[in-house]
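Subject: Structure handover

Hello,

Here is the structure for you to look over. My notes follow below it.

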Amino acid sequence: MAFDKFVNRHIGPRDSEIDSMLKTVGSDSLDNFINETVPSSIIEDKSLDLPEAMSEFEYLNHIRKMGAENKQYRSFIGMGYYGTASLSVIIRNVLENPGWYTSYTPYQAEISQGRLEALLNYQTMVSELTALELANASLLDEATAGSEAMIMMYNARPRSAVKAGVKKLFVDESIFPQTLDVILTRAEPLGIELVMGDFKEQEIDDSFFGAIIQYPSSDGDIRDYKSFVDRVHEVKALVAAGTDLMSLVMLTPPGEWGADIAFGVNQRFGLPMGYGGPHAGFFASRESLKRSMPGRIIGVSVDANGKPALRMALQTREQHIKRERATSNICTAQALLANMSGMYAQYHGPEGLKRIAMHIHGSTCTLKEELEKLGYKIANKQFFDTLDVRLPEGVQSSDLEKLCLAKEINLNFFYRDKVMLSLDEITTLDEINTLLEIFAEAAGKKAAKVTSICESVCIDDKFIRKSDFLQQEAFNRYHSETDMMRYLKMLEGRDISLAYSMIPLGSCTMKLNPATSMFPLSWPEYGNIHPFVAEDQAKGYHKLMDELGDALRKITGFDAVSFQPNSGAAGEYAGLMVIRQYHIKRGEGHRDIVLIPSSAHGTNPASGVMAGMKVVVVECDDNGNVDVADLREKAEKYKDKLAAFMITYPSTHGVFEEAIMEMNEIIHKNGGQVYMDGANMNAMVGISTPGKIGADVCHLNLHKTFAIPHGGGGPGMGPIGVASHLADYLPTHSLVNTGGKEGTTAIAAAPYGSTSILTISHAYIFMLGNEGLVKSTKMAILNANYLASSLKGSFDVLYKGKNDRVGHEMIIDCRKFKGEAGVSEEDIAKRLMDYGFHAPTLSFPVHGTLMVEPTESEPLSELDRFIKAMKSIYNEIQEIKEGKADKEDNVLHNSPHTAPMVVTDKWEHKYSREKAAYPVEGLSDNKFWTAVARVDNGYGDRNLVCTCDPIDSYRFEGEVSMQELKTDK
């Protein structure tokens, strides 16, 4: 057929350019180069045995046919997942826009002001609707947010409670079952004792550190928790409320009746159900708990010129700093989904949200009144959108379910002798009448036709919200599509994404996210499926997971896969919990030591602690490799308690360690299991496998190796693969049959994680096929070595493997420049922005360095442009060293340079405007200007502001002063 091979579109360098690149690295063929780089002992001698690669055209037909096997029944199941009217202006301009979905987590604030503002708007929305002072920039899902609330309250115990060993948490029986499932998983290894019961009857004393309740409850009831909250506070314990943001448009928010924490999921703010996700879990708390807040927080600061600027606040809480002392292993968020839900609130504004909430509630009132006329009893007298319907004598839930399915309707039949249903913003009058016909037929009656939706409020006045919300300009201006489109484009233009230039972040794998792979995200056959429907309604999804799972088993060399973990850190945790469960079931639950190299990503030790393990650090040698002697000594020392060894391969230092199989053998000889962190699988796919090197479990970052976009900080997926002896311990789910027969309780809210984005990795694998996947791996390694070789003489690469090679990434040592010229690695990172590049990974895993990973997708021209920029910066450093440039007033210290800085009438720097803005030829043709100058991180933490009010003042009323920002706090 005449179709192009996708591999030729995915890989950046052209075949005709590879020979010159090989010459630069000193090799004569791609195969020989790989053999010179990768240890021969780990290279697989067989292919992956995947189907022949599809063209993009063929794949779209394939995935469309697969989607047609999903049954788009109308779901009124609720339980945190609802029908929603996704907004076209947001789908087209954000979800389908690489300017938004290919950007990275906004660690480099100066090139991230657009998505930082969007996340600040989202935080403001959550804070306002919950009436709590501080919200984070999203978590993975509602169940994860609930478990993080538990851990946050546990860590916030007063010293007296810690000393007294207070470990009880009350959980009301009305919370969503999937949330309880994850809370159970997280509590047990930490020694937290859960006490379940009815909040009205539960005695709370000083043996409790907190309580978790649901508002409205899982059966739809709106309850008065005020006196209960007061009782909890009397014993100096905290209260967390699982809640629904849309309901809070009408209901008194948790912050006003005393809750300390509110959490939930924002799915119904314009995000398709997608068979479970991705969606953003929201989390808000009182400001007094800010140092314990999990996840990321966006805050307001100022730049070097005193202009308001946004940044990620309180980053000292991050795992890469706190490691085993971290109070959470959360490493990512759901930034893209958080942004979309915040934009949903902006486009509708407070009045639009009130209209939507009233439609939902009015529809529910209408249905309730008519069901009662048919003889059904509604158990919850106070409700927002959910009815707890008790069946009259003679009506069986099984019969009712058959009638529903005949009409292609899903209700909540998870409970005995009753049925529950939840209405939503897309509920129509026709649907209400269809539901009434079903209930009438089940009762042997005839329903009267409803001709209008109730406009009155069926909630007691004491529960009705009286306070205003979302009065900021950001939520009251962008209500026409033209205005909203331009606002989104303005924000997009403030950020560097892959749509503009290479993002050379080491350990992040910022590769192409193929456009073809992204299409199904917008298709209703994948978006309109509730995660708890019967399996026969999701045959397309299950076929997709079967195909993808089979491919991942071959790629990893393992026997079983779980898709439930919805981030890399969740995958780490899931893998360790599987290992823990394995030891427990074998009568060796005392094994609780996990060995982790000092080079590991900070989530590794954090995940170990969250899984109830004690972290023992293994040192690295001078070449950056794990010290095998130290590993052996510690494995033998702890052999009676050794649970696991966590190893990233290739290493976080960017090399293929020769002794990897020896290390894994040491662990197995001493009773432990090997957990391989799959963050760097982009250098292994098709060449080697975790199974080959002796690992027992591995998580895969589908948002790195397998092309799911990073979305500015999420979504991600972290499925785990396991060897056969661990398959029985894969995570289960309380509502859907999945996982191992002796598996752990759930890791995530949905049984298969963020299922809808699995289509992206499925597309990536099946469009590349065997040959394409192998070539991608080889080119990722070649591109990295091409950069390393080309930068010789300017920048030193800190660690290398055999034959002076790096893996798919490298660590550039910048430490000498501090002494020679007073230039730090941060100065180099910020100066790269003037050249139009996102900074490499800064000071990780070694302080004073930059870690660079080009991926296979970057064309040779872009690699050369990066090399040119780095060499130019090196020359700028030499000018300072040689006294040709001022040691203080120079282009590096003052970078990045904004357009207003360069065009000002008053230029007092000791270098030219041209040197500041256009240091190399070609930049004037496509110049990226940062929206702000270098951001003052310390100021933002000292003056913590995490809502959009001050940005409103700046955007719409002119620039605010630093003094005004301080006053605003």
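Ala440 counts as buried, because its relative accessibility is 1%, under the 20% limit for that class. Keep in mind that this is a predicted model.

Ala440 sits in helix H15. Which residues touch Ala440, once its neighbours within four places in sequence are set aside? They are Leu374, Lys445, Lys446 and Ala447. Lys373 is 67 residues away from Ala440 along the chain. The C-alpha atoms of Ala440 and Lys373 are 9.7 Å apart.

Strand S14 covers 418–422 and helix H15 covers 429–442, with Thr427 in the loop between them. Is Thr427 buried or exposed? Thr427 is buried, because its relative accessibility is 3%. A polar atom of the Thr427 side chain lies 3.0 Å from the backbone nitrogen of Asp424. Beyond four places in sequence, Thr427 is in contact with Arg74, Phe76, His359, Ser363 and Ile432.

Another helix to check is H21, residues 603–610. Helix H21 is mostly covered, with seven of its eight residues buried. Those buried residues are Thr603, Asn604, Pro605, Ala606, Ser607, Gly608 and Met610.

Now the whole chain. The protein chain contains 33 helices and 25 strands. Its radius of gyration is 28 Å, close to the 30 Å from the globule rule for 969 residues, so the chain is as compact as a globular protein of that length. The C-alpha trace spans about 90 × 70 × 70 Å along its principal axes.

Burial and contacts, in brief:

- Of the 969 residues, 66% count as buried.
- Take the contacts between residues at least 6 apart in sequence: 77% of them join residues at least 24 apart.

Last, the charges. How far apart are the mean positions of the positive and negative charges? The answer is 2 Å, for 100 positive and 130 negative charges in the protein chain.

Best wishes

Technical notes
Residues are numbered from 1 along each chain as its sequence is written. This is a predicted model: local features need pLDDT of at least 70, side-chain atom pairs count only at pLDDT 80 or more; totals for chains, interfaces and linings use all residues. Side-chain values use heavy atoms; hydrogens and water are left out. Helices (H or I, at least four residues) and strands (E, at least two) are DSSP runs, numbered from the N terminus. Buried means under 20% relative accessible area, exposed over 50%, partly exposed in between (1.4 Å probe, protein chains only). A polar contact is a pair of N or O atoms within 3.5 Å; within protein, one must be able to donate a hydrogen and the other to accept it, and residues adjacent in sequence count only if both atoms are side-chain atoms. Contact means heavy atoms within 4.5 Å. The radius of gyration is taken over C-alpha atoms; the globule rule is 2.2 Å times the number of residues to the power 0.38. Lys and Arg count as positive and Asp and Glu as negative; His and the chain ends are not counted. The place of a charge is taken as NZ of Lys, CZ of Arg, CG of Asp or CD of Glu.
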